[in-house]
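Thank you all for making the time this morning.

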Amino acid sequence: MALEHSSSSNNPCSRSRDRLSWLRCTLRRSQQEAVASSTMTATSDNFFNAYAIFLGASLGQMGWVTGLPQLFGALAQLLSVWLASHFSRRQFIVACATLQAGVVLAMGALAAFQPDNAVWVFIGLAVLYQGFINLIQPHWRAWMGMIVPQRRRGAFFASRTRLTMMASLSVFFVGGGILTLTDSMHMAWLGFSLLFSIAAMGRFTSAWLLLQMHDPEPPAAKTSGVFSQTLYNFQQAWKDNTFRHYSLFVAGMQCMVAISAPFFAVYMLEDLHFTYFEFVMSSVASILTQFITLRFWGRFSDLYGNRLVMIITSCLIPSLPLLWLFSDSFIYILAIQAFSGLAWSGFTLSTANYLYDIRPFRSDFATYAALQAALSAGFVFVGAMVGGVIASYAAEFLVWTGLNAWLSNPIFLVFTISTIMRMLVALWFIPRSVEPKARPRPELLTLIFRIRGFNAISGVSLDWLTVAKKKRANDKEKHSDK
């Protein structure tokens, strides 16, 4: 407690014992932190594949770029449950954010030095990057769930999402401009170094702002059996038949998406010879459509149920890779990306809400969410690995079968297989899906609370906090002040 008190004395938001004062200060810092951290997430969500291509990644390695970080991210999120009982929450988050900023800075240095094994070094750094994100995430959710007043959650996180989006798009456009300019000067390495340096500075600033925030929860005492209890909770959740079908559906769809996801950037940059700015614009078309249509899908699901939205969008998503085969026009690609954004926003929102509806009443929502996320990450790894293998041998396979007369580009085989597999997943789930009894839910962005990231190919990343009511926060604050 002495150590925690010492660190808190240097924290502007915790100097006052008045709850309203430290709460206002902390929420203000949180909004500022959203802008700072967005400079990093905008880079990682949308430039990692382009960076791997610049470093000379083979088609097989592109699968590793997508899959391996996701797998380790899932393991890190499970590990964070155990770590929660051994460290001060705020200090742990700040430490992970600082280390993550160092990882991003190393990515920028990699562009400048470009060692022989640069791609594998980048994959290793991406694994660390994703690991730190998932170590932080459960702690951040618990922290924000405790301090943000329930009546203000919708407005607060909607405002935070708007700031995140504006900052992300700004960095996205600036990054595209920097890369296009430096590439025209045959100095793309300088553009990537600057881009990742800006991202690292944003994360360092984010860590500093997190340090300024107040956490009213006292350091948790070390307890034994936390990890084994978590595994037991997972086992109990998996016995739920509806939840199991839902989890296999979501994870299966993301697995089949991962087969093709790494190769859209390859197709645009290597085969269509898009400039980096054109690459950015094609991604923005999807991202903006996702953000704009979230509210439409929210209202639609309120009227007709999340199951119907899931069925509609799971029938649209399989067609997305196939549409890339018909034209290489830039305007056509923008239209495909906008259509993709429409489908993915509905799918992501409805699957998130569906999970809330099907979990048993008064159960630990975080357990169900963590299990579903871990399963999806494992499936994404498998899908990305399969996609890498298919892409590596696609050219020889097309010649051997004579399909090269119809599929002019080996990557089109990856797109076609991904389409077929997505369709099979949808056909498996639709007859097994049920319409659960809808629980009273907060309005859109009150349950979801924040949009964690944007991706042009696989949709927005939604995040939510624990939805079960807890004891009054004032009791905990009084305990921590004593």
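This is a predicted model: local features need pLDDT of at least 70, side-chain atom pairs count only at pLDDT 80 or more; totals for chains, interfaces and linings use all residues.

How far apart are the end C-alpha atoms of helix α14, residues 330–358, and what should its 29 residues span? The expected span, taken as 1.5 Å times one less than the number of residues, is 42 Å, and the end C-alpha atoms are 42 Å apart, which agrees. Residues are numbered from 1 along each chain as its sequence is written, and side-chain values use heavy atoms, with hydrogens and water left out.

Staying with α14, 21 of its 29 residues are buried, so this helix is largely enclosed by the rest of the structure; buried here means under 20% relative accessible area, exposed means over 50%, and partly exposed is in between, with a 1.4 Å probe and protein chains only.

Of its 482 residues, 56% count as buried. If we take contacts, meaning heavy atoms within 4.5 Å, between residues at least 6 apart in sequence, 84% of them join residues at least 24 apart.

L269 sits in helix α10, residues 263–271, and is buried at 12% relative accessible area. Leaving aside residues up to four places away in sequence, L269 touches A50, I53, F274, T275, Y276 and F279.

Which residue forms a salt bridge with E33? The partner is R203, and the closest N and O atoms are 3.6 Å apart, the rule being a side-chain nitrogen of Lys or Arg within 4 Å of a carboxyl oxygen of Asp or Glu. R203 lies in helix α7 and E33 in helix α2, residues 19–54, so the pair ties together parts that are 170 residues apart in sequence. Both R203 and E33 are buried, and the count by this rule comes to one salt bridge.

Let me finish with the loops. Most residues other than glycine have a negative phi, yet two residues here deserve a look. Q114, in the loop between α4 (89–113) and α5 (118–147), has a positive phi of about 45° although it is not a glycine, and Q114 is partly exposed at 37% relative accessible area. H186, in the loop between α6 (153–184) and α7 (188–212), likewise is not a glycine but has a positive phi of about 60°; at 74% relative accessibility, H186 counts as exposed.

A further loop, between α15 (365–401) and α16 (410–429), holds L403, which is partly exposed with a relative accessible area of 32%. Together with F397, W400 and W406, L403 makes a nonpolar surface patch of about 550 Å².

Methods. Helices (H or I, at least four residues) and strands (E, at least two) are DSSP runs, numbered from the N terminus. Patches are made of residues with over 30% relative accessible area and no salt bridge: like charges are joined within 9 Å, nonpolar side chains (Val, Leu, Ile, Met, Phe, Trp, Tyr) within 5 Å. Accessible areas come from the Shrake-Rupley method with a 1.4 Å probe; for residues, only the protein chains shown count as cover.
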